[in-house]
Amino acid sequence: MKQFLGGIIIVNIFERCLALVMLIILSPVLLLIAIIVRLDSKGEILFKQKRVGKNSKIFYIYKFRTMSDNAQRSIPSNELMSKHVTKMGKYLRKSSLDELPQLINIIKGEMSFIGYRPVIPEETDLILLRKKYKIDEHLPGLTGWAQINGRDSIDTYEKIELEKYYYQNKNILFNIKITLMTIYKVITRECVYY
């Protein structure tokens, strides 16, 4: 048990350090995106939203703002009306560049690189199922097995099955596979509807 907990702590520290290094390396890109977001539409550059994370606790997720300043903020991505998304926002969402500020969440220990995607508190069905199957005992991720196998095109129960499969089969090679598939999905923009 001590070895298991020790392993989790080491992985968590490694991920936080890696996220910090990535944040530093990507800082010119992040600055450029921030300037474009500011010039594209009125409102804050970073978007902060309540999400449900480990042990169903609420935390604030960070993204580049992709919606107009007066848009409703408590709707799931798959229900998002495209009329609320800004011109730059459409590109950021399709390329997933809007997710880069979540490196801050990883540094803070609120997220991991790979896991289930954290949802808004209003998505109660998914939250309850994650609690039932102990999925929420883990940190949510920047990407995950369900994310690359349907993202916004699959329903709640399909997501749960994919998330259960991931945690039952989690290992380094599986994580590498998810990472590579994520890069491929981002480049090809599969399963993104905006």
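The buried residues of helix H7 are covered by elements that include strand S3 (112-114), strand S4 (141-143) and helix H6 (156-169). This is a predicted model, in which local features need pLDDT of at least 70, side-chain atom pairs count only at pLDDT 80 or more, and totals for chains, interfaces and linings use all residues. Residues are numbered from 1 along each chain as its sequence is written, and side-chain values use heavy atoms, with hydrogens and water left out.

**Overall layout**

- The chain has seven helices and four strands. Helices (H or I, at least four residues) and strands (E, at least two) are DSSP runs, numbered from the N terminus.
- From the N terminus on, the order of elements is α-α-β-β-α-α-β-α-β-α-α.
- Of the 194 residues of the chain, 43% count as buried. Buried means under 20% relative accessible area, exposed over 50%, and partly exposed in between (1.4 Å probe, protein chains only).
- Take the contacts between residues at least 6 apart in sequence: 68% of them join residues at least 24 apart. Contact means heavy atoms within 4.5 Å.

**Helix H7**

- H7 covers residues 172-188, 17 residues in total. From first C-alpha to last it reaches 24 Å, close to the 24 Å expected at 1.5 Å a residue. The expected span of a helix is 1.5 Å times one less than its number of residues.
- Phe-174, Ile-178, Thr-182 and Lys-185 are buried in H7. Seen down the axis of H7, its buried residues fall within an arc of 80°, so they line one face of the helix. The arc is that of the directions from the helix axis to the C-beta atoms.
- An α-helix has 3.6 residues a turn, so residues three or four places apart point the same way.
- Ile-172, Leu-173, Leu-180 and Ile-187 are exposed on the other side of H7.
- The N-terminal end of H7 is capped by Asn-171, with a side-chain oxygen 3.0 Å from the backbone nitrogen of Leu-173.
- Arg-189 follows H7 and has a positive phi, near 60°.

**Helix H6**

- The 14 residues of H6 should span 20 Å at 1.5 Å a residue, and its end C-alpha atoms are 20 Å apart, which agrees.
- Buried in H6 are Lys-159, Ile-160, Leu-162, Glu-163, Lys-164, Tyr-166 and Tyr-167. The buried residues of H6 pack against S3, helix H5 (124-132) and H7.
- Asp-155 caps the N-terminal end of H6, placing a side-chain oxygen 3.1 Å from the backbone nitrogen of Tyr-157.

**Helix H5**

- Leu-126, Ile-127, Leu-129 and Arg-130 are the buried residues of H5. Seen down the axis of H5, they fall within an arc of 165°, so they line one face of the helix.
- The face of H5 turned away from its buried side carries exposed Asp-125, Leu-128 and Lys-132.
- Cover for the buried residues of H5 includes S1 and H6.

**The H2-H3 pair**

- Helix H2 (residues 27-40) and helix H3 (residues 87-95) pack at an angle of about 145°, with their axes 8 Å apart. Axes are lines fitted to C-alpha atoms, for helices over the stretch in contact, and angles run from 0 to 180 degrees between N-to-C directions.
- Ile-33, Ile-36, Val-37 and Asp-40 in H2 meet Lys-87, Met-88, Gly-89 and Leu-92 in H3. By class, this contact has five nonpolar, one polar and two charged residues.
- Ile-36 is partly exposed, with a relative accessible area of 32%. The C-alpha atoms of Ile-36 and Met-88 are separated by 7.6 Å, although the two are 52 residues apart along the chain.

- Gln-49 sits in strand S1 (residues 46-52). At 8% relative accessibility, Gln-49 counts as buried.
- Most residues other than glycine have a negative phi.
- Ser-56 is not a glycine, yet has a positive phi of about 60°. Ser-56 lies in the loop between S1 and strand S2 (58-64), and counts as partly exposed at 22% relative accessibility.
- Ser-96, also not a glycine, has a positive phi of about 65°. Ser-96 is in the loop between H3 and helix H4 (102-107), and counts as buried at 14% relative accessibility.

Conventions. A polar contact is a pair of N or O atoms within 3.5 Å; within protein, one must be able to donate a hydrogen and the other to accept it, and residues adjacent in sequence count only if both atoms are side-chain atoms. Ala, Val, Leu, Ile, Met, Phe, Trp, Tyr, Cys and Pro count as nonpolar, Asp, Glu, Lys and Arg as charged, and the others, Gly among them, as polar.
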